[in-house]
Amino acid sequence: MPIVAQTSKFSTYGRPVLAWGVGLLFFFPIFWMVLTSFKTDADAVKPENLVFFTPTLENYFNMVENYDYWRFARNSIITAVSATIFTLFVSIPAAYAMAFNPSRATKDILMWMLSTKMLPAAAVLYPMIFLAKGIGLYDTHILIITVLSLINLPIAIWMLFTYFKEIPRDIIEAGKMDGVNTWGEIKEILIPLAWGGIASTALLVFIFCWNEAYWTVRLTTIDAATLSKLIEGNRAPEGLFFGRLSAVSTAAVGPIVVLGWFCQKQLVQGLTFGAVK
Amino acid sequence: MSDRKLPRLLQTPAVLLLLIWMLVPLGMTLYFSFIRYVLNNLRRPEWTSPSLSNWRGFGNYEFVLNSKDFVLAIQNSLFIVCSILFLTVILGILIAVLINKTFPGQGIVRVLLISPFFVMPAVNAVLWINMILDPVLGLQGIAVAGVNDMLDGLRQMPVLGSFFSLWPEFEPISFRATQTSAIAVIMMVTWQWTPFAVLIFMTSLQSEDQQQKEAAVLDGAGTWSQFRFLTLPHLGRPIAIVVMIQAIFHLSLYAEIEIVSRGNGNKNLPYLIGEFANNNIGAASATGIFAVILANIVAIFLLRMVGKTLME
């Protein structure tokens, strides 16, 4: 038995209580949002109905009927899924090249890539709108998919690079000996071996795409507008419509939060960039 | 084709795409920052389309430097980023240490804790400023009103009443006001990003060398000195990662600022650009160039500090 496992009173009682307290505190705003989404707008601001109220689905029906929820949701899914696939498509070969055939410049290229994430979006927004309108891509899926892919590319390459570096080079070399070409190496050796890392990268990129608001709100009007845009249009000035607001918010973040719960393990690995062992 | 050429070529698409992504809009921003370019001007319609004949030299830069919000925006950008970093790192370490040992329901607590990270930033801001922090209709307002009601009741009591009548009425805080809106932004972003820090620190703690700890216990090290001399150094690298990733994301905060206060006394650099961009594209572009410079200063600083740890 390890010596460290002395049990103090804190460990037996205090820790669970405190940990649960912190957990519930952090979750509370989300819980509150979901709870409020089942209240009428009137109930939502009455102190006496804060906890006890007659639940209603009115807000959700209202949202589907009047706000065209499904179109925004469909756009979110189309753009986030496509952008994730495209990002992986570009970043897997790049990370492969950097991890297994590094040159002297590789380190600098990686740093430079990350530094493109520091370019403030606001600084280049207007030129982007100008260009997008110029080539007739404003408010199209293609534009949003491209932008989402580009802003997530550096993070994806970084994550994949750190995963790929973990794979022993001998395995790839052995493949070469057997006469497998570069594509074969990627497809048959690298992807199966790094599957976990690729999955968590995909997951994180998907979450960032889904939640992205700055570009999607400003580069769309109707046709390619995502759920972020729906939120933008419904943020209820001075809070008279808490019920409605909560329903829209819940419907926008619900899918991604639930996905996050199921994939927590993967995410923990992915988020650390493989750098925390 | 040599043995290594093809594999290396595979990074070209990514490099090219990012290069275009950076250079084209940035080049245009640079160009716009040197010309007069406004969206609406009835007196000088020639200024409403970008053209070299509207050359203004460093005029836009001067204009931006002299505008009263510029220094405020830079200070505020840094204040917000640094506060969030400080809070998330401290809270992240404390919570990670707290939930690192097994206890009943550990899995569920972890799920609860991690959830805020998945919430859309726009929803986060809308939710906090309206439903939680609002001084009248939000939980804050309702809670303060409740406390005041209770105090009123206590004042009616026969003997103790005179004691409670010495207590002041509580005032709810308006988080849309100039002095407090940055605090609201810091609160909501800290709520959202602490889970990220917790996740990373937790993963790192799980790999801590237990034998070393046991040896320390045998040598009579207390909980605090174990934490100070073993755990904290072990967390150095993950702290670096958390700081870097968050700095990247928070330098460009926008939605939260806009939703909380519409920039009322609480502008950061991206917000200031957005404000100029409503009409004066030239000034917005010049501010953008300043933002790029600021980002690069922070980047050089961070990458020097963190890059090494990450590349090893």
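Buried means under 20% relative accessible area, exposed means over 50%, and partly exposed lies in between, with a 1.4 Å probe and protein chains only. By that scale A:Asp68, with a relative accessible area of 34%, is partly exposed.

The views below show a predicted model, in which local features need pLDDT of at least 70 and side-chain atom pairs count only at pLDDT 80 or more, while totals for chains, interfaces and linings use all residues. Residues are numbered from 1 along each chain as its sequence is written, chains are lettered from A and ligands numbered from 1 in the order in which they are written, and side-chain values use heavy atoms, with hydrogens and water left out.

View 1. A:Asp68 lies in the loop between α3 (58-67) and α4 (69-100) of chain A, where helices (H or I, at least four residues) and strands (E, at least two) are DSSP runs numbered from the N terminus. The phi angle of A:Asp68 is near 55°, a positive value in a residue other than glycine. A:Arg71 is partly exposed, at 24% relative accessibility.

**View 2. A:Asp139, a residue with positive phi in chain A.** A:Asp139 is found in the loop between α6 (121-134) and α7 (141-166) of chain A, and has a positive phi of about 60° although it is not a glycine. At 7% relative accessibility, A:Asp139 counts as buried.

**View 3. Packing of helix α5 of chain A with helix α2 of chain B.** Two packed helices are described by the angle between their axes and the distance between the axes. Here α5(A) (residues 106-116) and α2(B) (residues 12-32) pack at an angle of about 40°, with their axes 11 Å apart, which makes α5(A) oblique to α2(B). Axes are lines fitted to C-alpha atoms, for helices over the stretch in contact, and angles run from 0 to 180 degrees between N-to-C directions; angles under 35 degrees count as roughly parallel, over 145 as roughly antiparallel, 65 to 115 as roughly perpendicular and the rest as oblique. The contact (heavy atoms within 4.5 Å) is made by A:Ile109, A:Trp112, A:Met113 and A:Thr116 of α5(A) and by B:Ala14, B:Val15, B:Leu18, B:Leu19 and B:Met22 of α2(B). One of these residues, A:Thr116, is buried, with a relative accessible area of 4%. Leaving aside neighbours within four places in sequence, A:Thr116 is in contact with A:Pro154, B:Leu18 and B:Met22.

**View 4. Packing of helices α10 and α11 of chain B.** Helix α10(B) (residues 210-218) and helix α11(B) (residues 223-234) pack at an angle of about 150°, with their axes 11 Å apart, which makes α10(B) roughly antiparallel to α11(B). The residues in contact are B:Gln212, B:Lys213, B:Ala216 and B:Val217 of α10(B), together with B:Gln226, B:Leu230 and B:Thr231 of α11(B).

**View 5. The salt bridge between B:Arg155 and B:Glu169.** The closest N and O atoms of B:Arg155 and B:Glu169 are 3.5 Å apart. This pair links distant parts of the chain, with B:Arg155 in helix α7 (residues 139-155) of chain B and B:Glu169, 14 residues apart from it, in the loop between α8 (161-164) and α9 (181-206) of chain B. B:Glu169 is partly exposed, at 44% relative accessibility.

**View 6. The salt bridge between B:Glu275 and B:Lys267.** The side chains of B:Glu275 and B:Lys267 meet at 3.6 Å, N to O. B:Glu275 is partly exposed, with a relative accessible area of 30%, whereas B:Lys267, at 9% relative accessibility, counts as buried. Salt bridges that share partners join B:Lys68, B:Asp69, B:Lys267 and B:Glu275 into one network, and the structure holds 7 salt bridges over all chains.

View 7. B:Met188 is buried, with a relative accessible area of 0%. Not counting residues up to four places away in sequence, B:Met188 touches B:Asn124, B:Ala125, B:Trp128, B:Ile129, B:Glu256 and B:Val260. The C-alpha atoms of B:Met188 and B:Pro121, which are 67 residues apart along the chain, are separated by 9.0 Å.

Methods. A salt bridge is a side-chain nitrogen of Lys or Arg within 4 Å of a carboxyl oxygen of Asp or Glu.
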